[in-house]
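Dear colleague,

Please find below the structure that I am handing over to you. My notes on it follow directly after.

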Amino acid sequence: MSPESGSLAVRAVRGSAIRDLLAVTERPGVISLAGGLPAPELLPAERITRAAALALHDPSVLQYGVTAGAAALREVVHARESAKLGRDAGAVLVTHGSQQALSLLAQALLDPGDLVLVEDPGYIGALQAFDTVRARVRGVPMDAGGMRVDELRPILQRERVAIVHTVSNFHNPGGATLTDERRRELAGLAEEFGFWIVEDDPYGELRFAGPAVAPVAAHSDRVIRLSSASKTLAPALRVGWMHGDPAALALVERLKQGADLCGSSLTHAVAAQLLADTEWLDAHVDGIRAVYAERALTLHSALAETFGERLRLSTPDGGMFLWCEFTDGSDTAAALRRAVHAGVAYVPGAAFAVQRNLDGALRVCFTTSSPQELRTAVHRLSSVL
Ligand code: PMP
């Protein structure tokens, strides 16, 4: 068994052990920082109701649609993504959430044994997609500036890399955003060595501090960029998208046809309306940013005040998560059961480990608890960690 297939099996076992642990976090009275859901009170139910009612005036929204996604939705996504890139966004394919984009891209671009590089800690959904096609997955460490792109060249000189996957903004779980300099460097490496970059960016719009950084896709045609309506509109729409190289997307489109024929014409029509209603959308997303900013800053300062030098924290400037690393050898998986008894839950860092030892780390989500609950949660954490 190769070391990589070994790591795949280890990841599966570790994943199920952590799922067992997290099952107990559902208990009443437990403040869960373990989830990764948008705040339910900010889901725009009333606006979606109006959009769905209007869409239903056209009976074709109850019919099968084209595999690539409703034309109106692809158009508005193309316009929005082109504006972010400052150039043409290429072909657009609508997927069943960006998770389906990851899964289809893994099938389209990888053969068993192909090498994929991901950030370490890694996004679990991407690890699952790459594991499923039996790719070899290797982690690249992160710091406050995102993936350590300076570590890539020696790997690329030794071996053929098929894909570099990066969560470029407000990483899940790492919290960090890839710096502009590293984005350009990564894009340059993709051109030089001929690998694909999968830029997985569901959180970029949830920035509440600091200036936005241009997507990696602004710098190279070797980037397939993914995003989603899940974090700004609603996960239940199951509307995600990918854009970029037309030939690669044509291959993915054929695979999608085999997977599900097409997405939901109804939710595509709803999403197209909401994304095109820029006055409403801007105000709505501003509202999310304001609420998340307050929660993130509350959680960050409570953790910093409580744990001081013992805990290294990511910067709270967007997204949904803070990443925390104990510097004193605390074991967060071992402490989880006690934490749940004390009334607080989080995800231990080991759940996200690719190769690194992340036993001293944890991911906390700030979106679904009030500032008061977040302060209480940190107080409870301090009794067990
Ligand atoms: N990529 C990342 C980095 C994520 O955190 C998530 C959601 N947890 C997804 C993709 C998938 O989101 P969705 O399928 O809802 O678009």
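Is arginine 134 buried or exposed? Arginine 134 counts as exposed, at 52% relative accessibility; buried means under 20% relative accessible area, exposed over 50%, and partly exposed in between, with a 1.4 Å probe and protein chains only.

Two remarks on provenance come before the rest. This is a predicted model, in which local features need pLDDT of at least 70 and side-chain atom pairs count only at pLDDT 80 or more, while totals for chains, interfaces and linings use all residues. Residues are numbered from 1 along each chain as its sequence is written, and side-chain values use heavy atoms, with hydrogens and water left out.

**Arginine 134 and helix H5**

Arginine 134 is placed in the loop between H5 and strand E4 (136-143); helices (H or I, at least four residues) and strands (E, at least two) are DSSP runs, numbered from the N terminus. Arginine 134 follows H5 and has a positive phi, near 60°. Within H5, the buried residues are Gly125, Ala126, Leu127, Ala129, Phe130 and Asp131.

A second residue other than glycine with a positive phi is phenylalanine 170, where the value is near 50°. Phenylalanine 170 belongs to the loop between E6 and H7, and at 1% relative accessibility it counts as buried.

**The ligand**

The ligand takes up the space of the largest pocket. Here a pocket is an open set of points, on a 1 Å grid over the protein atoms alone, where a 1.4 Å probe fits, with protein on both sides within 12 Å along at least five of seven lines; a molecule sits in a pocket if more than half of its atoms lie within 2 Å of its grid points.

Surrounding the ligand are 13 residues, of which Ser98, Asn172, Tyr203, Ser228 and Ser230 are the closest; a residue is near a molecule if one of its heavy atoms lies within 4 Å of it. Helix H4 (residues 97-109) supplies the largest share of this shell, three residues.

- A polar backbone atom of glutamine 99 is 3.0 Å from an oxygen atom of the ligand.
- An N or O atom in the side chain of asparagine 172 is 2.9 Å from an oxygen atom of the ligand.
- A nitrogen atom of the ligand lies 3.0 Å from a polar side-chain atom of aspartate 200.

On its own the ligand has 400 Å² of accessible area, and the protein covers 90% of this; such areas come from the Shrake-Rupley method with a 1.4 Å probe, and for residues only the protein chains shown count as cover.

Proline 173 lies in the loop between E6 and helix H7 (180-193).

**Threonine 166**

Threonine 166 is found in strand E6 (residues 161-166) and is buried, its relative accessible area being 0%. Its side chain makes a polar contact with that of glutamate 119, at 2.4 Å. Beyond its neighbours within four places in sequence, threonine 166 is in contact (heavy atoms within 4.5 Å) with residues including Glu119, Met147 and Asp200.

**Arginine 356 and glutamate 325**

Arginine 356 occupies the loop between strand E13 (347-348) and strand E14 (361-365) and is partly exposed, at 30% relative accessible area. Residues up to four places away in sequence aside, it touches Asp120, Pro121, Pro141, Met142 and Glu325. Asp120 and Pro121 are themselves joined by a cis peptide bond, with omega near 10°, and proline 121 is in the loop between strand E3 (115-120) and helix H5 (124-132).

Glutamate 325 is part of strand E11 (residues 321-326) and is buried, with a relative accessible area of 16%. A polar contact of 2.9 Å links its side chain to the side chain of tryptophan 323. The C-alpha atoms of glutamate 325 and glycine 360 are 5.6 Å apart, although 35 residues separate them along the chain.

With kind regards

Methods:
Polar contact = N/O pair within 3.5 Å; in protein donor to acceptor, adjacent residues only side chain to side chain. 1 Å grid on protein atoms, 1.4 Å probe; cavity = no way out; pocket = protein on both sides within 12 Å on 5 of 7 lines; lining within 4 Å.
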